[in-house]
Amino acid sequence: MSSPPVPPLPDQGKDCLLYGYRLRSVVPLPSLPVMPEGGVPDLSLRRGRVPEQLAGAVWASPFVEIGGDGSVLVRIPGIVAFLIRDGGCLTLDENSNAETSTIETFLFSAVAGAILHQRGVLPLHASCVMVGDVAVAMAGVSGRGKSTLAGALSMCGHDVVTDDVCPVDFRDGKAMVIPGPPRVRLWPDAAGLLGLSHAGLETGRPNHPKRVLAARGADVGPKRLGAVIRLDIDRRLDTPVLYRLTGPTAITPIEELVYRARLGRRLGRRVGLFRDLVRLATIVPIYQLVRPEEGVDPSRLADLVVSALCDNGKEKAGG
Amino acid sequence: MTWHSEQITAAIDGEVIVMGMIRGQYVGLDDIGSVLWKLLEQPQTIRQLCDELGLRYQGNSDTILADVTAFLEDLRSIDLIEVVDAGSTR
């Protein structure tokens, strides 16, 4: 993966693994694998002053700002704030008294998205599990059922590679997924569909309805991406359908495939994201899985996902 | 008409996708659109494009003219092609 300058290091803290990067953190992050001592960190997380707003901001959304120097401010008023600089220097607001679970939730999502865009890595908006010896990414905007499907596949014995943010690295002509924390965040109705007790699951953030399903994770090494399955909903359908996407439709709309695509574009990744997605579509088969809005057993969708990988394998064997 | 200087072109499964580099607007083209796009790499008049399509595809010349004009208007409206001097056309 690309290597911007090594950020200044905090004086203390253990190194852990975040989306393939060695993160040296003064904040406890119990959900992340701990790394052996002695390596040079790619990322650092310290507590410090985080501004209310970025001076000379070039772009702002309700919770995210981009500064003129490419730094990113993620601020959830009254809860938590992070400043992300140079693709690896992270500052957690010294005045934030957010619980560890809240810090982790934002670090693994919005903050990670900013890091990846700053470093020029393609983050698919996808949850990803292992099917056989390859990873399959289930992509789509929020509410399409990515995590529910990953949860269903996890309960069928498939290792979870990452949830919601899916970094893809291109190596030796292959697309490789960099694993994230092995957990899946579920809305209450999704937990119910999977037969899980909502009350029995941990919370990702206090007073937030989403719950965390701790899943069996894949090992931490990069995984070859075997397929991307784009999720969609069509109220007119009675039963889910899966089909291969070809041509430009495989990667459009770009905003539905890339995690926080607008942020990435504003960080100078407009052309890079386009090139990466074209590259992805030439290496990896991309499918569309469309389901009715309600009344579909997640295990039925999970079977369709697995069948896509099997069919792809047959095509390769036959061709 | 010809390609806008600030665009990037790629192909997926033989079909063309074009993105403007300033605003990030993009469009995916079908078979015929991809043929027209490749011709537009060099400056073309509307008549030249229609003649090329008439040689490759069966169709009423008025229909071809209407379709080509609409195609060019669409691409120009999102700054993926631009008008050049008459002297630049072949």
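**Strand order, helix packing and local backbone features**

In helix α2(A), the buried residues are K146(A), S147(A), T148(A), L149(A), A150(A), G151(A), A152(A), L153(A) and S154(A). The model described here is predicted. Helix α2(A), which spans residues 146–155, is thus mostly covered, with nine of its ten residues buried. The residue G157(A) follows α2(A) and has a positive phi, near 100 degrees.

Chain A as a whole contains six helices and 19 strands. Of its 319 residues, 58% count as buried.

An open sheet of chain A is built from eight strands, arranged in the order β1-β2-β3-β8-β7-β6-β5-β4, and its pairing is mixed.

Helix α1 of chain A, comprising residues 100–119, lies across β1, β2, β3, β6 (72–76), β7 (80–85) and β8 (89–93) of chain A, and runs at about 20 degrees to β7(A). Helix α5 of chain A, comprising residues 261–283, packs on the sheet and touches β4, β5 (64–66) and β6 of chain A. The direction of α5 of chain A makes about 15 degrees with that of β5(A).

H117(A) is located in helix α1 of chain A and is buried, because its relative accessible area of 1% falls under 20%. The side chain of H117(A) reaches the backbone oxygen of R260(A) at a distance of 3.1 Å. Apart from neighbours within four places in sequence, the residues in contact with H117(A) are P123(A), V258(A), Y259(A), R260(A), L263(A), G264(A), L267(A), R269(A) and L273(A).

R260(A), whose backbone oxygen is reached by H117(A), is itself located in the loop between α4 and α5 of chain A. Although R260(A) is not a glycine, its phi is positive, at about 50 degrees. Its relative accessibility is 37%, and R260(A) therefore counts as partly exposed, a class that lies between the limits of 20% and 50%.

A positive phi in a residue other than glycine is also found at Y19(A), where the value is about 45 degrees. Y19(A) occupies the loop between β1 and β2 of chain A. With a relative accessibility of 3%, Y19(A) counts as buried.

A cis peptide bond leads from T252(A) to P253(A), with omega near -10 degrees. P253(A) is situated in the loop between β18 (241–245) and α4 (254–257) of chain A.

Strand β12 of chain A (residues 165–171) and strand β13 of chain A (residues 174–177) pair in the antiparallel sense over four bridges, and R171(A) stands opposite K174(A) of β13(A). The hairpin of β12(A) and β13(A) has two residues between the strands, and within this hairpin D172(A) adopts a positive phi near 50 degrees. Strand β13(A) is also joined by two bridges to strand β17 of chain A (residues 223–233), the two strands running antiparallel. Here V177(A) stands opposite K223(A) of β17(A).

In chain B, a helix pair was characterised. Two packed helices are described by the angle between their axes and the distance between the axes. The axes of helix α2 (residues 46–56) of chain B and helix α3 (residues 61–77) of chain B come within 10 Å and cross at roughly 125 degrees. α2(B) is therefore oblique to α3(B). The crossing of α2(B) and α3(B) is right-handed. On the side of α2(B) the contact is made by I46(B), L49(B), C50(B), L53(B) and G54(B), and on the side of α3(B) by I64(B), L65(B), V68(B), T69(B) and L72(B).

Definitions and conventions
Residues are numbered from 1 along each chain as its sequence is written. Chains are lettered from A and ligands numbered from 1 in the order in which they are written. This is a predicted model: local features need pLDDT of at least 70, side-chain atom pairs count only at pLDDT 80 or more; totals for chains, interfaces and linings use all residues. Side-chain values use heavy atoms; hydrogens and water are left out. Two strands pair if DSSP finds at least two bridges between them. Contact means heavy atoms within 4.5 Å. Axes are lines fitted to C-alpha atoms, for helices over the stretch in contact, and angles run from 0 to 180 degrees between N-to-C directions. Buried means under 20% relative accessible area, exposed over 50%, partly exposed in between (1.4 Å probe, protein chains only). A polar contact is a pair of N or O atoms within 3.5 Å; within protein, one must be able to donate a hydrogen and the other to accept it, and residues adjacent in sequence count only if both atoms are side-chain atoms. Angles under 35 degrees count as roughly parallel, over 145 as roughly antiparallel, 65 to 115 as roughly perpendicular and the rest as oblique. A crossing is left-handed if the near helix is turned anticlockwise from the far one by less than a right angle, and right-handed if clockwise.
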